[in-house]
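Work through the exercises below with the sequence and the 3D view open. Try each task before reading its solution.

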Amino acid sequence: MKKLTFAVMLLLFLGGCGEKTLVIRSALEGDSYLRNNASELSEQQFQSLLAQQAAIEEDAYTKLQTLLSEHEHTRYMLAENRIYRYDTEGELLYVADWTETEDSGIFKIAALTFP
């Protein structure tokens with residue numbers, strides 16, 4: 001009986017988690033999410049992180065995945081909501097501008113540029 005109760009509770013817990021949307025509360029949190037999940041991030045998930053009027057190159061998704069897989073260790077500089085990501089030798093990898101949506105306070109990528 002205890003096993004059945006445990007199984008039902010586990011099922012309810014897992015079912016209750018659902019498909020909750022990712023909430024990014026700062027530019028640094030968003031950039032960290034991108035770096036830590038680049039290899040598993042689908043293009044659809046990447047698109048969901050973009051602001052409506054985002055200035056993004058067509059191949060930005062693949063460029064970002066390639067850069068982050070080639071450079072496991074990086075450094076950054078944060079200025080306002082702009083992140084400059086560098087490799088360990090100091091070469092600029094990309095610049096990401098994040099913007100806060102007015103209605104929900106969620107941060108989205110407004111621009112992503114590569115040198």
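**Exercise 1. Find the salt bridge between R25 and E29, and say how exposed each partner is.**

Step 1. The side chains of R25 and E29 form a salt bridge with an N to O distance of 3.3 Å. The term means a side-chain nitrogen of Lys or Arg within 4 Å of a carboxyl oxygen of Asp or Glu.

Step 2. R25 is exposed, at 58% relative accessible area, while E29 is partly exposed at 28%. Buried means under 20% relative accessible area, exposed over 50%, and partly exposed in between, with a 1.4 Å probe and protein chains only.

A note on the source: this is a predicted model, in which local features need pLDDT of at least 70 and side-chain atom pairs count only at pLDDT 80 or more, while totals for chains, interfaces and linings use all residues. Residues are numbered from 1 along each chain as its sequence is written, and side-chain values use heavy atoms, with hydrogens and water left out.

**Exercise 2. Is D31 buried or exposed, and with which residue does D31 form a salt bridge at 2.3 Å?**

Step 1. D31 is buried, with a relative accessible area of 0%.

Step 2. Its salt-bridge partner is R85, the closest N and O atoms being 2.3 Å apart. D31 belongs to helix 2 and R85 to strand 3, so the pair ties together parts 54 residues apart in sequence. Helices (H or I, at least four residues) and strands (E, at least two) are DSSP runs, numbered from the N terminus.

Step 3. R85 is also buried, at 2% relative accessibility.

**Exercise 3. Which residues of helix 2 are buried, and what do they pack against?**

Step 1. The buried residues of helix 2 are A27, G30, D31 and L34. Seen down the helix axis, they fall within an arc of 95°, so they line one face of helix 2. The arc is that of the directions from the helix axis to the C-beta atoms.

Step 2. These residues pack against helix 3 (43–48), helix 4, strand 2 (74–79), strand 3 (82–87), strand 4 and strand 5. Contact means heavy atoms within 4.5 Å.

Step 3. Not counting residues up to four places away in sequence, L34 touches L41, F46, L49, L64, L68, W98 and I109.

**Exercise 4. How many bridges join strand 2 to strand 3, and which residue is the bridge partner of A79?**

Step 1. Six bridges join these antiparallel strands. Two strands pair if DSSP finds at least two bridges between them.

Step 2. The bridge partner of A79 is R82, in strand 3.

Step 3. The hairpin of strand 2 and strand 3 has two residues between the strands, and E80 takes a positive phi near 60° there.
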